[in-house]
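Thanks for coming, everyone. Please put the model up on the screen, and we will walk through it together.

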Amino acid sequence: MVDYTFELISAPLFGDVQILDTNDELVLECATITGENKIIYSPNSAGDDFLEIEYCTDAGSCEIIKLDFNNVAMSTDDCLCVEDCVYSGDVNNDGKVDVQDAVALGLSLGETGPSRDDLDGFVPQSGDSWVYTQDINGLDLGFADANGDGLVAASDLEEVDSYYGGVHNLLPQISYEIIESPIVLEPHQTEVDSGELLVIDILLGSETLPVFDVSGLSFSYTINGDLIDSSSVQLTFLENSWLSYGAPAFEYVNQPIGGRIEAGFSRVSAKGASGGGPIATLEFIVEDDIIGFKLEELLFKMNMSTSEGIIVSEEGRQFSLPRFDTSVDLNLASNTLHPDSYVSILPNPASDFVYITSDKFEIDRVEMYTIDGIKVLDNRYNNEFSLAVELDQLLPGTYILVVSSNDKVSREKLIKI
Ligand SMILES: [Ca+2]
Ligand SMILES: [Ca+2]
């Protein structure tokens, strides 16, 4: 039963697009493709291309889908795979390479089957059936052999890494039954200074509300990427947690963009674990120079969340976990001039003037920013220990004062009334 339609809205630069209906047939050199809402794009040149399709359901709701392509010139005369193809890294064959593929890979480690001629790139590949299937999704085990060498091994994770984020098919997102326990974040501090290390415990379940029969787990962590030093991010699954107990662990962490961390964990060849409590730690350095960024959504709080949590049972049943949100106060008012020195701002709140004094360092610049990150004042001074700044031009509100002395900087919160 067809309950949706596709229509080409914007044609690609190179080649043709055909949209097949139920009874249509397209005869290609290597295969004959039959219809049922299939979109066939036949590029005639290598390079980047895009097209837009309008997707409408019979109920009348429509959506425009934009598709970007990277057309690769193949130097083979052989026929490329057309249907039921393996794409390296898409272990669960859901059309995209993501952390769930790493989890599925971990749950099929050690399996063997026929190898295939592995083609370079994120391209469709033909392979003989492995006959046996992946417990987690019922798919042929051949999809888990990402590098095509006939063995599902840790080395296949390199292909997941290489093609992470790659999409080769559009399939509806599967929704699973939701269980009560989110992936909980417990930061070690309630308040953190810019430039400081923030450590966060990651928990699943608790003693009073345990989670049962977990063989695999994946989730995403998100925070405003402007607030963290992406190169400092480390997510580590605990070696002796209830989740890892009694099984070799297979884990994967990816940071596709700054501020988004995707993690997967599988118990290799073992029964599902049941329990509750800490399973991992996450740590990163809070960005040193927050002031250069837009602060409108920040409001001195670092909001963070976990989402897209999925657990897999030993039998291959999947469950969704609810989203979890928390925040840590970002302390922009820390004095970073020198541990033994301070900058005083008086009065605060202030109306007409504010007096800034430093006990040891000579102030050569004072800047003021709104909490939206817009600079409203930038005064230079000739190495003063004490000075007054006029505020009568400013609207009432919260500002950030940045007091500089050579290469030392102190940030202070100021309320203008
Ligand atoms: Ca996938
Ligand atoms: Ca392999």
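Start with strands E22 and E23, residues 353-358 for E23: they pair in the antiparallel sense over four bridges. Helices (H or I, at least four residues) and strands (E, at least two) are DSSP runs, numbered from the N terminus. Two strands pair if DSSP finds at least two bridges between them. Look at Ser344: its bridge partner in E23 is Thr357.

Before going on, a word on the model. It is predicted, so local features need pLDDT of at least 70 and side-chain atom pairs count only at pLDDT 80 or more, while totals for chains, interfaces and linings use all residues. Residues are numbered from 1 along each chain as its sequence is written, and chains are lettered from A and ligands numbered from 1 in the order in which they are written.

Back to our pair. E22 and E23 belong to an open sheet of three strands, in the order E22-E23-E26, with antiparallel pairing. The edge strands are E22 (343-346) and E26 (386-390), and each pairs on one side only. Neighbouring strands of this sheet are turned by 20 degrees against each other on average, direction ignored. For such angles, axes are lines fitted to C-alpha atoms, for helices over the stretch in contact, and angles run from 0 to 180 degrees between N-to-C directions.

Which kind of peptide bond runs from Leu346 to Pro347, cis or trans? It is cis, with omega near -15 degrees. The bond from Asn348 to Pro349 is cis too, with omega near 5 degrees. As a rule, most peptide bonds are trans, and most residues other than glycine have a negative phi.

Next sheet. Four strands form an open sheet in the order E25-E24-E27-E28, and the pairing is antiparallel. At the edges are E25 (375-384) and E28 (408-416), each pairing on one side only. The twist averages 20 degrees from one strand to the next. E27 (residues 397-405) and E28 pair over nine bridges. In that pair, Gly397 stands opposite Lys416.

Now move to E19, residues 301-312. How many bridges join E13 to E19? Seven, and the two strands run antiparallel. E13 covers residues 216-223. Leu217 stands opposite Ile311 in E19. E19 also pairs with E21 (residues 324-331), antiparallel, over six bridges. There, Ser305 stands opposite Asp325. Then comes E20 (residues 318-320), joined to E19 by three bridges, again antiparallel. Ile310 stands opposite Ser320 in E20. E19 and E20 form a hairpin with five residues between them. In its turn, Gly316 has a positive phi of about 90 degrees.

Stay in E19 for Glu308. Its phi is near 55 degrees, a positive value in a residue other than glycine. Glu308 has 17 C-beta neighbours inside 10 Å, so it counts as partly exposed. The cut-offs are these: a residue is buried if 20 or more other C-beta atoms lie within 10 Å of its own, exposed if 12 or fewer, and partly exposed in between, with C-beta atoms placed from the backbone. Val131 has a positive phi as well, near 70 degrees. It lies in the loop between H1 and H2. Is Val131 buried or exposed? Exposed, with 10 other C-beta atoms within 10 Å.

Zoom out to the domains. The assignment gives domain 1 (4-71), domain 2 (86-167), domain 3 (177-331) and domain 4 (343-416). Those bounds come from an automatic or database domain assignment. The centres of domain 2 and domain 3, taken over C-alpha atoms, are 26 Å apart. 15 residues of domain 2 are in contact with 17 residues of domain 3. Contact means that the C-beta atoms of two residues, placed from the backbone, lie within 7 Å. On the domain 2 side, helix H1 (residues 99-106) gives the most, with five residues.

Last stop: H1 itself. Why is H1 largely enclosed by the rest of the structure? Because eight of its eight residues are buried. Among them are Val99, Asp101 and Leu105. What covers the buried residues of H1 includes H2 (157-162), E13, E15 (249-257), E16 (260-267) and E19.
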